[in-house]
Amino acid sequence: MGKYITELGPKEAEFISLFASKNNGFFNIENAISFWKNKQKAYDLLWRLRKKGWIERIEKGKYLVIPLEAGPQRQWSADTFMIAAELVNPSAIAYWTAIRHWNWTEQIPRIIYVQTTKRKSAKGCEVFGVHYEFVTVDERKFFGNAKEWKNGKAIFITDKEKTLIDCADDVERAGGIEELVKAIKLAAKEISWQKLDEYINNFPNGAVKKRLGYLFETLIKNLPEEAEIILESWQKYLSAGIVPLQPVRKKSGKISTRWRVIINVSIE
């Protein structure tokens with residue numbers, strides 16, 4: 001982090017000790033004001049503690065106590081998923097970041113995608129050199145989140161089935177069609193087809209059913225019987241209109257009339 005720690009006064013040491021042991025070191029300005037019993041004093045002390053290398057601001061009004069294992073030079077690796085959960089609530093790790101979490105790609109996304117129903121004044125921020133992007137979605141799209149625990153804190157990540165749906169809904173945030181293709185090839189044997197069917201029938205974007213239907217049939221040569229039955233059922237309720245396989249590419253190419261998809265990008 002490029003900072004060196006300096007000595008703490010007794011009250012500062014008490015403050016650091018208290019909040020280092022709570023909520024994995026995360027705290028907000030209200031917590032600090034409550035401790036110091038004075039708003040201006042709290043702001044002044046937070047500024048001093050940042051300068052001394054004991055805390056860091058992750059967002060306006062939100063801070064993290066830098067752990068002792070960071071050493072004198074304050075070098076350590078912060079848990080990106082835990083930081084994401086502190087930046088916005090409710091939240092779920094999603095899109096390309098979730099693809100990576102489920103080991104469906106060897107690529108490491110440069111962005112931590114955080115899905116939420118809350119509107120943030122900023123669409124993204126950088127914390128400890130990592131970029132976070134907040135994707136605000138309608139409540140009808142915010143479901144299918146798996147809970148995982150990190151140091152006693154619940155972190156939500158879109159489950160495997162919802163990850164595929166989100167990435168077919170927003171192909172660019174999936175890392176592009178290439179990453180979605182890789183994910184589908186690996187996911188076909190891991191997902192619950194019943195859950196995928198339930199999710200997709202409740203998802204408010206008919207393009208998802210078209211893209212996933214086309215990709216599953218094209219990429220997976222030996223689909224299980226359950227999958228074939230489900231894909232046939234999707235066929236009966238496709239929405240009107242033709243959608244591009246990758247939205248940001250040119251809108252011309254061969255058309256799959258079965259799935260109402262323009263094949264505007266190679267998936268070989």
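This is a predicted model: local features need pLDDT of at least 70, side-chain atom pairs count only at pLDDT 80 or more; totals for chains, interfaces and linings use all residues.
Author: Residues are numbered from 1 along each chain as its sequence is written, and side-chain values use heavy atoms, with hydrogens and water left out.

Reader: Is E59 buried or exposed?
Author: E59 counts as buried because its relative accessibility is 19%. Buried is under 20% relative accessible area, exposed is over 50%, and partly exposed is in between, using a 1.4 Å probe and protein chains only.

Reader: You mentioned L87. Which residues of α4 are buried?
Author: F81, M82, I83, A84, A85, E86 and L87. That makes seven of the eight residues in helix α4 (residues 80-87), so the helix is largely enclosed by the rest of the structure.

Reader: What caps the N-terminal end of α4?
Author: D79 does, with a side-chain oxygen 3.0 Å from the backbone nitrogen of F81. For a polar contact, the cut-off is a pair of N or O atoms within 3.5 Å; within protein, one must be able to donate a hydrogen and the other to accept it, and residues adjacent in sequence count only if both atoms are side-chain atoms.

Reader: Switching to strands. How many residues of β5 are buried?
Author: Five of the six in β5 (residues 111-116), which is mostly covered.

Reader: What does β5 pair with?
Author: Strand β4 (residues 92-93) pairs with β5 in the antiparallel sense over two bridges, and I93 has V114 as its bridge partner. With strand β7 (residues 130-136), β5 pairs in the parallel sense over six bridges; there, T116 stands opposite T136. Two strands pair if DSSP finds at least two bridges between them.

Reader: Zooming out, how many helices and strands does the chain have?
Author: Ten helices and twelve strands. The C-alpha atoms fill a box of roughly 70 × 35 × 30 Å along the principal axes, and buried residues make up 49% of the 268 in the chain.

Conventions: Helices (H or I, at least four residues) and strands (E, at least two) are DSSP runs, numbered from the N terminus.
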